[in-house]
Amino acid sequence: MADLENAISLYREALVLQPSSDPQPWVPLNNLGIALMDRYRCTGSMADLEEVISLCRQALKLKLWSSSHPERYLSLSNLASPLLNRYRHSGTMADLEEAISLYREALELRPSSHLGRWMPPNNLGSALLDRYNRTGAMADLEEAISLFYEALELRPSPYPDRSASLNNLSNALLARYRRTRIMDDLEKAVSLCREALQLRPSPHRHRSFPLSNLSLCLETMYKASHALPHLQEAIAHCEELLDSHYPVGHKYRFTTLNRLTSLLQKHFDATGRQEDRARMGC
């Protein structure tokens, strides 16, 4: 955190000292915004998030003179991201709608040769999935799935962080399964989660994401099939989350403990094993 605080201080000073003749006046604004966004992710400070949105709006206005500017699509995404985060905090639909609009424009402007060309479809897909979860509009879910497939194709194995795209697509397919009960979607979601987990072997710092997603998919698979191996594997993944990723005090430990207790109760109901009750603290 000391490094981050120092970076923010330096970026603020650079912004103050920026000459009026700077040919790229949006760069200091973007740099400070990125650093503040990192601090927001660490601390959850809404003041940082609000400042990021303000800085990104200023940076974007400086590029309005050229809608085809090669870096404009990055500024669009930079503004859309904190708006999406603010929506997730406050539930204000105007933020979500603006984020979706910005992500759509960024997708249209995306350079075909850019190394990060997977980002616009991935980001737009995430925002549309949020809107589906709010409104239940199937068109949003179908478009999100299509966009996640596109993003995944742009991150072929062994592309760094391919696991994130696998997780996003599996989440969307799980959501569609819950709506349609088409088993193929659930089976694909489980398969994608398994691949994502293989790409993040222990002790990868982001292994918790595919672990949690796979546990959830397997629990859903158990509800559909009543096959005990699915339930037992879901339990094992929850236990790994608690043992290796969510120590006492972690923000996700409470919900994971509740999910593990629920899984153990299901296992006890199916098998009558007293060991399950002991593990639940009964």
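Is D161 buried, partly exposed or exposed? In this predicted model, where local features need pLDDT of at least 70, side-chain atom pairs count only at pLDDT 80 or more, and totals for chains, interfaces and linings use all residues, D161 turns out to be partly exposed, with a relative accessible area of 41%. Residues are numbered from 1 along each chain as its sequence is written, and side-chain values use heavy atoms, with hydrogens and water left out. On the scale used here, buried means under 20% relative accessible area, exposed means over 50%, and partly exposed lies in between (1.4 Å probe, protein chains only).

The overall fold comes next. The chain contains 13 helices and zero strands, where helices (H or I, at least four residues) and strands (E, at least two) are DSSP runs numbered from the N terminus. A box of roughly 75 × 40 × 35 Å, taken along the principal axes, holds the C-alpha atoms of the chain. Of the 282 residues, 44% are buried. Among contacts (heavy atoms within 4.5 Å) with a separation of 6 or more, 56% are made by residues 24 or more positions apart. The accessible surface comes to about 14300 Å², and carbon and sulfur atoms supply 53% of that area; the areas come from the Shrake-Rupley method with a 1.4 Å probe, and for residues only the protein chains shown count as cover.

The interior can be followed through a few residues. A nonpolar core is a set of buried Ala, Val, Leu, Ile, Met, Phe, Trp, Tyr and Cys residues joined through side-chain atoms within 4.5 Å. The largest such core has 71 residues, and L79, L84, L102, L129, L141 and L169 have the most contacts inside it. Leaving out residues up to four places away in sequence, L79 touches I53, C56, R57, L60, E98 and L102.

The side chains of R131 and D140 are joined by a polar contact of 2.8 Å. Such a contact is a pair of N or O atoms within 3.5 Å; within protein, one must be able to donate a hydrogen and the other to accept it, and residues adjacent in sequence count only if both atoms are side-chain atoms. Beyond its neighbours within four places in sequence, R131 is in contact with M93, L96, E97, I100, R104, G136 and D140.

Helix α10 (residues 208–225) includes P210, which has 0% relative accessibility and is therefore buried. P210 touches S163, N167, C193, A196, L197 and R200, with residues up to four places away in sequence not counted.

Most residues other than glycine have a negative phi, and most peptide bonds are trans. The loop between α7 (138–153) and α8 (162–180) contains P158, and the peptide bond from S157 to P158 is cis, with omega near 5°. D161 is found in the loop between α7 and α8, and its phi is positive, near 65°. Finally, R181 lies in the loop between α8 and α9 and has a positive phi near 60°. With 52% relative accessibility, R181 counts as exposed.
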